[in-house]
2 protein chains.
Amino acid sequence: MSWGVDNLPYGVFSRQGQAPRVGVRHGDRVLDLAAALHDEVFAAPSLNPFMARGRTAWHDTRALLQEKLTTDLSVVEAHLVPLDQVTMHLPFEVADYVDFYCSLDHASNIGRMFRPDSEPLLPNWRHLPVGYHGRAGTVVVSGTPVRRPRGQVRAGVFGPSGKLDIEAELGFVVGVPTELGAPAGAFEDHVFGVTLVNDWSARDIQAWEYVPLGPFLGKSFATSVSPWVTPLEALPRIPGRPQEPEPLDYLRRQGDWGLDIELEVRINDEVVSRPPYATMYWTPDQMLAHMTANGASLRVGDLFASGTVSGPRREERGSLIEITWNGTEPIKLSSGETRTFLEDGDTVTIRATAGDITLGEVSGTIV
Amino acid sequence: MSWGVDNLPYGVFSRQGQAPRVGVRHGDRVLDLAAALHDEVFAAPSLNPFMARGRTAWHDTRALLQEKLTTDLSVVEAHLVPLDQVTMHLPFEVADYVDFYCSLDHASNIGRMFRPDSEPLLPNWRHLPVGYHGRAGTVVVSGTPVRRPRGQVRAGVFGPSGKLDIEAELGFVVGVPTELGAPAGAFEDHVFGVTLVNDWSARDIQAWEYVPLGPFLGKSFATSVSPWVTPLEALPRIPGRPQEPEPLDYLRRQGDWGLDIELEVRINDEVVSRPPYATMYWTPDQMLAHMTANGASLRVGDLFASGTVSGPRREERGSLIEITWNGTEPIKLSSGETRTFLEDGDTVTIRATAGDITLGEVSGTIV
């Protein structure tokens, strides 16, 4: 997997005793951008000020870095810090966090499990990308331990969740804001890059609380993101999956924003699923268009995630509730243990690759 | 209505050509706190830094101001600025915004309208304060025009909402944060004060989009708050409404956090409703306990709102969908006009009083 000049994801790192600042990953090192480029925007403890500069700056900076890291490597060599000497931080300040529900297979699986006598998809699902707001304040960087949440798991019972689950997703990070009431521009004028998201979910808390206003405490205890944000320019694009019915004008696709990215979910370093992002129904340009169609403004640092990525096959599902069919079909690990939902001590790692490009990983251990 | 020393709400104001800073309202003037108290925390353009100082600082500052504004008025006189010379701003930076659903009468009315053949209340409603996350980035200060949102109002139809509505609520503003996974302390150790909230709602967009993940674009286009945040200390407290069944331990009330506050809803300066906050079922200490029970952290500037305040009588309902029973029973204005939902040009003003204390107003005009 490549961390070469075709990749160059951005993150926020610190050396021992020093303040966090922005870097770009190259191989097993991180380039200290404030030092290498003599630009104070990279001395900030988050990507937000750089992201706010907009698409031309994103492109020019990337081109400059590609040049420096190929032809002028000796010039920046002094500013490349080995990864084992740094701590990675949350790469951006999260403004609002929205989670969509864009996988046809995921939405169909959930429908089949919870409404076995009805159509799997609800009537609105093929007409708009269903989404909701999550808790921005509990988005944490990969490696942060995840405490098993307590809550009302059913009427009259408060205790630790017995159905702690994951959701393997991609997250899209907004760099360029809009004014309230003003239309958003093109997708690539607003969205800076892509991160990996694990939207941890307590299925018992969620099932009891979620009518009629949606998920709340079943999700708000933690959402993990990868430390590296991959610029849109680095990602191979493909046409989105065909849609029927034809979306309304405001949801018409703006180009090929399908993304040919393979995810991989590991529990305790054993692969349990490989969800293919290419199977997603709604593309991220459609998510952005929908989210702003009512006049809602964007802020620097807004994060919107795809919802669980699930392909049509069992080994392509992006959540345990789907893989184990709500706990009725446990998975066997090579240790001989089985899993329905997560146990204390389990480490979940989600990785993703797009051809030669890696998006890195998002990882968390249940405590 | 009193803006005397028993009230002293905080806001953020600016004089022409000057930067926004923190003030306290006294009569028809605002006291410039950075100047009067020689404290730079009040030179910030939001209440957040002051709120972060915590409960002892809130109390001591209030006591100091009460003293200065009674016995030493001549000393601070020079720092009192007439309200007609200032612009009021959003008083705090909103971190996460949560909206609850705490009125028994409101939840019952909505249930009767939309599920006429079932129990009005869903099974979870009496067991926990139902809530969800809203869009923090579109919280605006009173006086900001509200653009009628466009959206999918039903399958295949995109256009302006034909069912634009209000929700009269109280909002609770968090000053003291918690760490992820750590328990929250007492309600009054975290919550700085109370603001008025109008949670504008597009009922047609909401009805089509909201299954299964809750309201999204039907709410996210704008949420208005009053410019003044009333400190908890200023509010008269009463016991909360009796609850059956007895709430679980973690939701046990921490004291008398019922609030005897009368709201008043005006359309184009004509009173259409007077919702009594004292009838609310879940109290704000219970909302805070619930919101953090799963380990979710609080941040400075978190806003959580009560949900629509509705009393048992028609003239006490806090939304038009309830007052007009989803448009089937229009209200007559004294002009001879009728209303089901809001028309362009309508101005909605929500005011509130607690005995002699006024909480001011939140107002907005549909454009």
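## Basis of the model

Buried means under 20% relative accessible area, exposed means over 50%, and partly exposed lies in between, with a 1.4 Å probe and protein chains only. Helices (H or I, at least four residues) and strands (E, at least two) are DSSP runs, numbered from the N terminus.

This is a predicted model, in which local features need pLDDT of at least 70 and side-chain atom pairs count only at pLDDT 80 or more, while totals for chains, interfaces and linings use all residues. Residues are numbered from 1 along each chain as its sequence is written, chains are lettered from A and ligands numbered from 1 in the order in which they are written, and side-chain values use heavy atoms, with hydrogens and water left out.

## Overall form of chain A

Chain A contains nine helices and 25 strands. Its radius of gyration is 20 Å, close to the 21 Å that the globule rule gives for 367 residues, so chain A is as compact as a globular protein of that length. The radius is taken over C-alpha atoms, and the rule is 2.2 Å times the number of residues to the power 0.38. Along the principal axes, the C-alpha atoms of chain A fill a box of roughly 65 × 50 × 35 Å.

Of the 367 residues in chain A, 61% are buried. Contact means heavy atoms within 4.5 Å. Taking contacts in chain A between residues at least 6 apart in sequence, 70% join residues at least 24 apart.

## Surface and charge

The accessible surface of chain A is about 13,100 Å², and carbon and sulfur atoms account for 49% of that area. Accessible areas come from the Shrake-Rupley method with a 1.4 Å probe; for residues, only the protein chains shown count as cover.

Chain A carries 32 positive and 47 negative charges, whose mean positions are 5 Å apart. Lys and Arg count as positive and Asp and Glu as negative, with His and the chain ends not counted. Each charge is placed at NZ of Lys, CZ of Arg, CG of Asp or CD of Glu.

## Annotated domains

UniProt lists "domain: Fumarylacetoacetase N-terminal" (unreviewed entry) for residues 7–91 of chain A. UniProt positions are given in the numbering used here, feature names are shortened, and annotations may be inferred rather than shown by experiment. Residues 7–91 of chain A are 34% helix and 27% strand, and the end C-alpha atoms of this span are 16 Å apart.

For residues 98–365 of chain A, UniProt gives "domain: Fumarylacetoacetase-like C-terminal" (unreviewed entry). This span is 13% helix and 30% strand, with its end C-alpha atoms 24 Å apart.

The UniProt feature "binding site" (unreviewed entry) is placed at Lys219(A) and Thr223(A). Lys219(A) sits in the loop between helix H7 (203–209) and strand S15 (223–225) of chain A and counts as buried at 7% relative accessibility. Leaving out residues up to four places away in sequence, Lys219(A) touches Tyr132(A), Glu167(A), Asp199(A), Trp200(A), Ser201(A), Arg203(A) and Gln206(A).

Glu188(A) belongs to helix H6 (residues 187–190) of chain A and is partly exposed, with a relative accessible area of 22%. Beyond residues up to four places away in sequence, Glu188(A) touches Arg55(A), Trp58(A), Leu232(A), Gln254(A) and Trp257(A). Glu188(A) and Leu232(A) are 44 residues apart along the chain, and their C-alpha atoms are separated by 7.6 Å.

## Helix H8 of chain B

Nine of the nine residues of helix H8 (residues 284–292) of chain B are buried, so this helix is largely enclosed by the rest of the structure. Among the buried residues of H8(B) are Asp285(B), Gln286(B), His290(B) and Thr292(B). The cover over the buried residues of H8(B) includes strand S6 (97–100), strand S12 (168–174), helix H6 (187–190), strand S13 (191–198) and strand S21 (303–305) of chain B.

## Backbone exceptions

Most residues other than glycine have a negative phi, and most peptide bonds are trans. The bond joining Glu244(A) and Pro245(A) is cis, with omega about 5 degrees; Pro245(A) lies in the loop between strand S17 (237–238) and strand S18 (258–259) of chain A. The peptide bond from Val211(B) to Pro212(B) is also cis, with omega near -5 degrees, and Pro212(B) is in the loop between helix H7 (203–209) and strand S15 (223–225) of chain B.

Asn268(A), not a glycine, has a positive phi of about 50 degrees. Asn268(A) is in the loop between strand S19 (262–267) and strand S20 (270–273) of chain A and is partly exposed at 35% relative accessibility. In chain B, Asp269(B) has a positive phi near 70 degrees; Asp269(B) is in the loop between strand S19 (262–267) and strand S20 (270–273) of that chain and counts as exposed at 56% relative accessibility.
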